[in-house]
Amino acid sequence: MSEPRTILVSGLSRGLGRAMAKSFAERGHRVAGCARNREALEKLQAELGEPHFLRLVDVSDDEAVAKFAETVLREVGVPDMLVNCAGIINRNAPLWEVPSDEFSKVVDVNIKGVANMIRHFVPAMIANGSGIIVNFSSGWGRSTSPEVAPYCATKWAIEGLTRALAQELPPGLAAVPFNPGVIDTEMLRSCFGDTASSYPNAEEWANTAVPFLEQIGADDNGTPLTCPGH
C-alpha cells in the first residue's frame, strides 16, 4: 500500500467512480471528487464520511469546474492524483442516426470535461512539482465497434489528448491514458444487455485497479496503460 495521498476523482456517481472512491478511502487515501447525480453523491459522502470531500459538479461546465477547483484547492489542497473518470455513452445506433444533441453531450462530457478538469487543477499540480493525471480511455479508445462511434471518437481523442499533455508536463508529473477494461456497469449494460453480467463488477474491478493506479509514477508519463487482467 502506498503512502496516504489526496485522490481527486470525477464521475463519482458512476459504478467505477464509486468503487474507486471507496477503495481509495479504505486504503487510507483522502478522496475528493464530483458527480452530477445529487442522490448518488450524497449517499457516497455518507458512506465515506470525513475527511472526504465530494461536490455536485457537471464537468462539462467550465465555470462550475473552475469554482469547484477553487474550493478544493483552498479546503483540501493540491491533489496528488487526478482521475478523470466521468463519461457517458450514446445509445446504440449507427452514427447517422445519432441525434446532434446526443453526440454533443458525449463530446462535452468525455472530452471537454477532461480538459476542464485539467485546465483548473493541473497548474496547481505543476506549481507543487508533482502529480499524476489518469484520463480514463477505453478498449474503444484503441479499437472500434459499430453503433458506438461517438463514444469511440471521444476515447480515441482522450488517447491523443493525454499523450500530447504528457509531452507538455514538466519533470515530476505524469499523464497517462488508462483503459479500465470491460466491467459490468450500467454503461456496459446499455451496450451489451444482460451479457454484461459475465464480466467483473465495479467492486471486483476496483480491487485490482486501485492498487495498480497507486503504483503509477512520473516514469510512466505518456504510457498507455491497461488495468491488469483486462
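I began at Leu-8, which stands opposite Ala-32 in S2. I noted that strand S1 (residues 6-10) and S2 pair in the parallel sense over five bridges, where two strands pair if DSSP finds at least two bridges between them. Five of the six residues of strand S2 (residues 30-35) are buried, so S2 is largely enclosed by the rest of the structure; buried means under 20% relative accessible area, exposed over 50%, and partly exposed in between, with a 1.4 Å probe and protein chains only.

For the record, this is a predicted model, in which local features need pLDDT of at least 70 and side-chain atom pairs count only at pLDDT 80 or more, while totals for chains, interfaces and linings use all residues. Residues are numbered from 1 along each chain as its sequence is written, and side-chain values use heavy atoms, with hydrogens and water left out. The element names follow DSSP runs numbered from the N terminus, helices being H or I of at least four residues and strands E of at least two.

I then turned to strand S4 (residues 81-84), which pairs with S5 in the parallel sense over four bridges, and found Leu-82 opposite Ile-133 in S5. Strand S5 (residues 131-136) is mostly covered, with six of its six residues buried. Gly-131, Ile-133 and Asn-135 point one way from S5, whereas Ile-132, Val-134 and Phe-136 point the other way.

Next I looked up helix H1 (residues 15-26) and helix H2 (residues 38-48), which pack at an angle of about 15 degrees with their axes 11 Å apart; the axes are lines fitted to C-alpha atoms, for helices over the stretch in contact, and angles run from 0 to 180 degrees between N-to-C directions. H1 and H2 are therefore roughly parallel to each other, a term for angles under 35 degrees. On the H1 side the contact (heavy atoms within 4.5 Å) is made by Arg-18, Ala-21, Lys-22 and Ala-25, and on the H2 side by Leu-44, Glu-47 and Leu-48.

Last, I checked two places in the loops. The peptide bond from Glu-50 to Pro-51 is cis, with omega near 5 degrees, and Pro-51 is found in the loop between H2 and strand S3 (53-56). Glu-147, in the loop between S5 and helix H5 (149-168), has phi near 75 degrees, a positive value in a residue other than glycine. I also wrote down that Glu-147 is partly exposed, with a relative accessible area of 36%.

How values were computed
Angles under 35 degrees count as roughly parallel, over 145 as roughly antiparallel, 65 to 115 as roughly perpendicular and the rest as oblique.
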